[in-house]
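Dear colleague,

Please find below the structure that I am handing over to you. My findings follow it.

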Amino acid sequence: MSVRLFEGRDHAAAYLQYRVTPDELISTVMSYMKNKEPNQCNLAVDVGCGSGQGTVLLAPYFTKIVGTDVSPAQLEMALTNENPPNVSYRECPAEKLPFASGEVDLVMAVTAAHWFDREKFLLEADRVLRPGGCLALLSYSMNIELEYGDVSNTTLNDICKEFHDALRPFRNPCLGTSSVDLYSALFDSCSYPDKEWNECLKIKRILPLSGYIGMVETYSSFQELLQRDPVEAERLSTDTRNKLTSAMKASSPDPEVTMVVKYFYWLARKPL
């Protein structure tokens, strides 16, 4: 069964503020599509769209884009975006998409498919995709790295690893121990012969240290800790921030860092 999370307003607002927008990966998805069917870009569906960061990136490429999510709070945040006129949103589960069979050119999910009923979702994606349509599932490793000036990356990333390791006991059991393994299993389950797997595409973003802390705080594992023990969650975030600023010897309490996010993704084309 699918999992319902990210439904609180505060969490949805943080998701919109801090989650990385994978612009580079959208270009990769579109290159894959155009190599297969260069003139078929009518309808794209961003499943589990959250607050719509990935949805709006499809606007230049398709006549119509629909973001879908089960969370009203996330969709409310999505509507606060500067949405192009060809972007809209629908509340629905990933396993019951409100589209006719063969109507959709691209079904995409960005850091969302791990929450779906994966077998049912693949069947539903196959139903709505037209022959020759594409399926794109994207996500990233939780082990985010930081770079700051000439400070040793090892020093900073050991601190980041401590932060992530402290959250592992609060990871949702449906995710297993490895997101990469989960998406790899999804890839293996896809029956389309024309498909490709890609791992470890690094995307870098320059942002204040608070942006990195804020992003980790949007993780479901941190939110679970926050619900169980708010004091411990606050202590963990504050201690991590203090350790990082100390290691950086930064004069600013919120220094600018380079955050390195490791994405993996797979693309598949429905047979004609």
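A residue is called buried when its relative accessible area is under 20%, exposed when that area is over 50%, and partly exposed in between, using a 1.4 Å probe and protein chains only. C160 counts as buried because its relative accessibility is 1%. Please note that this is a predicted model, in which local features need pLDDT of at least 70 and side-chain atom pairs count only at pLDDT 80 or more, while totals for chains, interfaces and linings use all residues. Residues are numbered from 1 along each chain as its sequence is written, and side-chain values use heavy atoms, leaving out hydrogens and water.

On the cysteines, a disulfide is taken as a pair of cysteine sulfur atoms within 2.5 Å, and the count by this rule is zero. C134 takes part in no disulfide, the nearest cysteine sulfur being that of C41, 8.8 Å away. With a relative accessible area of 2%, C134 is buried.

For 272 residues a compact globule would have a value near 19 Å, and the protein agrees, with 19 Å. The C-alpha trace spans about 55 × 35 × 35 Å along its principal axes. Where contact means heavy atoms within 4.5 Å, 77% of the contacts between residues at least 6 apart in sequence join residues at least 24 apart.

Yours sincerely

Technical notes
The radius of gyration is taken over C-alpha atoms; the globule rule is 2.2 Å times the number of residues to the power 0.38.
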